[in-house]
There are 4 protein chains.
Amino acid sequence: MIGGGQGAFIGAVHRIAARIDNEYDLVCGAFSSDAEKSKASGLALGLHESRVYSSYQELIEKESQLPQQERVQVISIVTPNHVHFEPTKLALQNGFHVVLDKPMTFSLAEAKELQTIQQASGKRFCLTHTYTGYPMVKEARQIVQSGKLGKIRKVYVEYPQGWLSTFLEGSDNKQASWRTDPTKSGAAGAMGDIGTHAFNLAEYVSALQVTQLCADINIVVEGRQLDDDGAVLLKFNNGASGVLIATQVAAGEENNVKVRVYGEHGGLEWQQSDANTLQVKWLDKPMEIWRTGGGYTSSYATHNTRTPAGHPEGYLEAFANLYRNFALAVKADIAGEQPKAECLDYPGMEEGVRGMAFIENVIASGRSEQKWTTFNI
Amino acid sequence: MIGGGQGAFIGAVHRIAARIDNEYDLVCGAFSSDAEKSKASGLALGLHESRVYSSYQELIEKESQLPQQERVQVISIVTPNHVHFEPTKLALQNGFHVVLDKPMTFSLAEAKELQTIQQASGKRFCLTHTYTGYPMVKEARQIVQSGKLGKIRKVYVEYPQGWLSTFLEGSDNKQASWRTDPTKSGAAGAMGDIGTHAFNLAEYVSALQVTQLCADINIVVEGRQLDDDGAVLLKFNNGASGVLIATQVAAGEENNVKVRVYGEHGGLEWQQSDANTLQVKWLDKPMEIWRTGGGYTSSYATHNTRTPAGHPEGYLEAFANLYRNFALAVKADIAGEQPKAECLDYPGMEEGVRGMAFIENVIASGRSEQKWTTFNI
Amino acid sequence: MIGGGQGAFIGAVHRIAARIDNEYDLVCGAFSSDAEKSKASGLALGLHESRVYSSYQELIEKESQLPQQERVQVISIVTPNHVHFEPTKLALQNGFHVVLDKPMTFSLAEAKELQTIQQASGKRFCLTHTYTGYPMVKEARQIVQSGKLGKIRKVYVEYPQGWLSTFLEGSDNKQASWRTDPTKSGAAGAMGDIGTHAFNLAEYVSALQVTQLCADINIVVEGRQLDDDGAVLLKFNNGASGVLIATQVAAGEENNVKVRVYGEHGGLEWQQSDANTLQVKWLDKPMEIWRTGGGYTSSYATHNTRTPAGHPEGYLEAFANLYRNFALAVKADIAGEQPKAECLDYPGMEEGVRGMAFIENVIASGRSEQKWTTFNI
Amino acid sequence: MIGGGQGAFIGAVHRIAARIDNEYDLVCGAFSSDAEKSKASGLALGLHESRVYSSYQELIEKESQLPQQERVQVISIVTPNHVHFEPTKLALQNGFHVVLDKPMTFSLAEAKELQTIQQASGKRFCLTHTYTGYPMVKEARQIVQSGKLGKIRKVYVEYPQGWLSTFLEGSDNKQASWRTDPTKSGAAGAMGDIGTHAFNLAEYVSALQVTQLCADINIVVEGRQLDDDGAVLLKFNNGASGVLIATQVAAGEENNVKVRVYGEHGGLEWQQSDANTLQVKWLDKPMEIWRTGGGYTSSYATHNTRTPAGHPEGYLEAFANLYRNFALAVKADIAGEQPKAECLDYPGMEEGVRGMAFIENVIASGRSEQKWTTFNI
């Protein structure tokens, strides 16, 4: 693991997610750019001193020199956005598979370069768009792709948070500080942090791609340097339209990301606050409540479910599904087998590049006086 | 009553709403432009033949000639949009109070003219934006106005319907036919029919006014003549921003109009599907569930509540609240008293003019290549 | 109307319910046993002085003497329980149809006598068990009777309230006073007031009859004279079992009466707090959400629905359904026609007698040391 | 680990729960009474062959002989009920801490004996009543104990399942087979499997103890040998009363265990289907929605929470909380420190003995013709 030292948030989440299905052992780490802090973090995690490194460069160099059987296979990179590109590039080029936290890079240009590097490397890459790991999100996509809803016409996605309603970066809140800092976060604040999740979720569930957008991007809290709020009108490649809302100043909201898709014959609604439920709506018959663990779900849902219906699986299990599927794909590769389609259903480079394109296009649109901005990559 | 003959929908709703609180007797009507149909409708409603008229002109003329004590006091006009202006004008000018179904007129120009006429007439006017009649919508506005949420920053409103997901106007569905016909409905379809409700609800609850908008307006169902779908980015007069969604092609949706408002310290959420609940959210304490009939609500909510908490009041009671408050205001006038503030809290000319301005501005924005359109009246 | 003078609660509800569908005019009343108060109430309701009476005896006597065309047809009796039997008896024997508030009488003996009187009178009788007036409750019964759920095995019904959590009868709360007074309320408090509703709802939806019960009946609030809490184990005539909960000391609860029924293949759940929704559950497919106004509901639901799906109908409309169906049945009688089955689906004498038997059996069981008490009538 | 071989359900859950917080390594196991199967299971789990044993006796014997530093510290026992007592006894007597699946033993006599053994051993013991591991269940108990609700008056708990609606034990369903087999499950079916969970949850949240009960215990599905359904009236040691429902024939229900507690001033409601929400109700102010991760929760909730509010934690995390707290307590012991109160808040012997007493008393009551059965231990 690179990043995720003491005091970090998402690193611990990655570690739990990797542990849940017993497909990974944490064997080494460069947990901080501060060597002392890295060491302290690694020891606290039970690692042997020899495999706690002072920098990601050292980690990759030293691990590369270990015998094949001993060295780390998959490197998780959980640093702030400005330290995504370099370690990922280095890891891929040195023969390691990579799991990377989103958004993929600091800029779209980096993202595209990384895609080229990864393709050349032949190594696997997973970007942790967690919400697509939920069984009922997978089921939603399966239903859309089955054609039962007819042609998709509308896609609504929203991600309201309230935690940045005050000038939190003025305090010592580490999360708030780097996420609102353009030198660490990149071109966008809210749009990068949660807008990319919403964007990814919308494209994943609808199985469509955004082609045009029109954005209202705002800095609501005085003194903030990056957007903390936005709303975006969307056009999709099949003619459908939609709306994306992402805000961090909806005081009182937690992380209730929600997506709705409507086709000619019916619609779907999923939200994280009731994550094991998928509402399936029909023009002329009762709405159906599909549930994680229901005997009627597709192989994509059942493959990503651990407990019987009614024992809720949550965010950590959704996250674990990404890790588990990535591991199963890597293991199939090693065994010389074709990974199951269900295992390959994790977000990767394509999603990462589109996410970075979303950030740059949405910020450009926010500054434009023209209504529609073409979704350029 | 003018309009609302056999086969109509909203006329019957108006009659129930007027009856619920025993403040009105139906005494006369011109229920259809077809004299036979008007008579049949009137007799079926138990009216005396002599007061069932062949046209609204006749109704107003004949009723004007009746002695003060006998003649109708309040005229409800429930015709399609293109027959709003003339009968309302005539009624006001002949000394009758008017309750009119929304949207107010066929065009903004008519609306402004009607406002002038009404002011000159000294008669009362109510526009039936039903959703503002719900006790918990009134409570929401009171909470916003109390300042407890701080400055309002975000306003989200949505009105998803699915009933026009197919080309229903191709069948003999009377509602679908006139609502999608530009010669009867006006410049807008969905934006006039439900967009105006959403717009009114947003301004009512937030106690703000829209100053700019950016609209994506669509005709989704092939062959349709008016918009059946739209999404609008909004700017408000205090600097807040928001989103309005109104669609009639969200297959499987009923009439779940919903509004959310967020300020510096907390937010509010109300939706018609759970109409007696108001979610009050806070940055740093548990969300509160305010309920119709709860002993802690403001006078605006309690004044508009009939049953103890937990016995749900619904759409007809919300509608009845408009009628009741209008009657109480008229009665106070007659008694020479100042109506209570709670009674005056019904939508009127101002809301009607703004609603028509919304229609014209939103359609103009939909056609514009420029992002922001100033909200002109 | 007999009872329901100023300060009363349920009388006003009855009047709204009767008005909603325009099938009734309020023409006379004896609103209080206090002649002054009756007159004041009647005048406030817009009645002519000549038809406001000082007592129910006077009402029935005087109205009987009016010409057939002028006199009242249906008498609503909304007095406390101890004044149910005599006026109902007198009304029926003098040729009036009667709508009576529940529970039917003061004792089971009275109830049985009233049933004999009614059968002899040939007049119609409705007991206002409001909850069976909800469209989705009617739909629930239809689904059970269709056999789709298979043989019914479990019936759970509950009616939790919190309003009597304190010694409210020690204040000047009129409702609390008579409902906790054994000389006015009868043998039971909570069991009579809301237990009978729960019991009726359970038998109505399940289409079964209770044959045995085992009750835990409590007076929780110190100083109270009648039960304010109870729970009852139930056995039904097809071998099913169940539980009934009724309490008035569940602090914080409103009136969320709820019923669940399970058969071999699936189950049903309905609750007043979401009254337009019926959950239909299946062993091996997704739960369905049936909604008032959904195009797929039975004639029993559609007959009792006024507004399109998504515009919630509530308690007053459920109450109005009883009144409307009663009126339609009386009108059919007058027209010499057989009332439609949907119109005859209102609670009557049978339900009233069983409700009183429930009260007496449940109180007896509460006092018994034996587990099971046979449901005696 | 003892038990939990291939094909078992709860063993895998225990392993995930133990992994989540990185406090345990799986080092040895006797996964089946079939030596071959045990070996296969152990190897699949990545254990070294030398520490996969053919029987629990062998596991305990061999591990005891390992040096202190190498041998297993905590043994998880996840066998069917009839194989709980012996391995637990042996483990405790040989100096191992034990985590045991519920219900504790085959009989109350065994349970009491085990309690004596454990007390003599000085080893820690945890019984996995998972639901008390949820943060909001812990919060509920804290609120009750704070006295804010006043004296507790009512406790309702229910655990409806539908999975045994058919004669599933007639198929090759391993779970159904042993759970309905009196030689493996013990005196009770549903009452042991889920009734004990409901009982434990009721006592945990209310901080009360049952003193009397009156049960209706049924075998609903023909041919079944143990109860699959029951309802129980409860009396508590402070005078409160309540109801417990546990059924496995509520067709269409998943595992929606739910508990409600009411005191003089307000009440609480928690249910697994919305596990991160705690409804806190008040007599005279709005209901509050307390949420996992909310900044306002007690140390008992925050100690048991991993992710920010709105990222749902579920069943596996609740289970993990038991394992984590047990580990922290053991570690504190080893370090010679007093474990934090929050860590000691896991179910143990006392809960196990009371659970077995519940089973025996509830079955006795089900057979009794007397209403109340004293809760004997």
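**Exercise 1. Which sense of pairing joins β1(A) to strand β2 (residues 97-100) of chain A, and over how many bridges?**

Step 1. β1(A) and β2(A) run in the parallel sense and share four bridges. Strands count as paired if DSSP finds at least two bridges between them. The strands themselves (E, at least two residues) and the helices (H or I, at least four residues) are DSSP runs, numbered from the N terminus.

A quick word on the model: it is predicted, so local features need pLDDT of at least 70 and side-chain atom pairs count only at pLDDT 80 or more, while totals for chains, interfaces and linings use all residues. Residues are numbered from 1 along each chain as its sequence is written, and chains are lettered from A and ligands numbered from 1 in the order in which they are written.

**Exercise 2. Work out the strand order of the open sheet in chain A, then find what packs on it.**

Step 1. The open sheet has three strands in the order β1-β2-β3, with parallel pairing.

Step 2. β1 (74-77) and β3 (125-127) of chain A are at the edges with a single partner strand each, so one side of each has no neighbour in the sheet. From one strand to the next, the twist averages 15°.

Step 3. Helix α4 (residues 85-93) of chain A packs on this sheet and touches β1 and β2 of chain A, with its direction at about 160° to that of β2(A). Such angles run from 0 to 180 degrees between N-to-C directions, and axes are lines fitted to C-alpha atoms, for helices over the stretch in contact.

Step 4. α11(A) lies across β1, β2 and β3 of chain A, at about 170° to β2(A).

**Exercise 3. How do helix α1 (residues 10-20) and helix α11 (residues 315-334) of chain A cross?**

Step 1. Their axes come within 8 Å and cross at roughly 70°.

Step 2. That makes α1(A) roughly perpendicular to α11(A), a label that covers 65 to 115 degrees (under 35 is roughly parallel, over 145 roughly antiparallel, the rest oblique).

Step 3. Now list the touching residues: V13(A), I16(A), A17(A), A18(A) and I20(A) come from α1(A), and L316(A), E317(A), F319(A), A320(A) and Y323(A) from α11(A). Being in contact means that the C-beta atoms, placed from the backbone, lie within 7 Å.

Step 4. Sort them by class, and you get nine nonpolar, no polar and one charged. Here Ala, Val, Leu, Ile, Met, Phe, Trp, Tyr, Cys and Pro are nonpolar, Asp, Glu, Lys and Arg are charged, and the others, Gly among them, are polar.

**Exercise 4. Describe how chain A meets chain B.**

Step 1. 34 residues of chain A are in contact with 34 residues of chain B.

Step 2. β7(A) gives the most to chain A's side, with four residues. By class, that side has 14 nonpolar, 12 polar and eight charged residues.

**Exercise 5. What rotation superposes chain B on chain D, and what joins the two?**

Step 1. A rotation of 180° with 0.0 Å of shift along its axis does it (RMSD 0.0 Å), using least squares on the C-alpha atoms of residues with pLDDT of at least 70 in both.

Step 2. The two copies are thus related as by a two-fold rotation axis. E288(B) has the C-alpha of chain B nearest that axis, at 2.3 Å.

Step 3. 10 residues of chain B are in contact with 10 residues of chain D.

Step 4. Strand β11 (residues 287-291) of chain B pairs with strand β11 (residues 287-291) of chain D in the antiparallel sense over three bridges. In this pairing, M287(B) stands opposite I289(D).

Key:
Contact = placed C-beta atoms within 7 Å.
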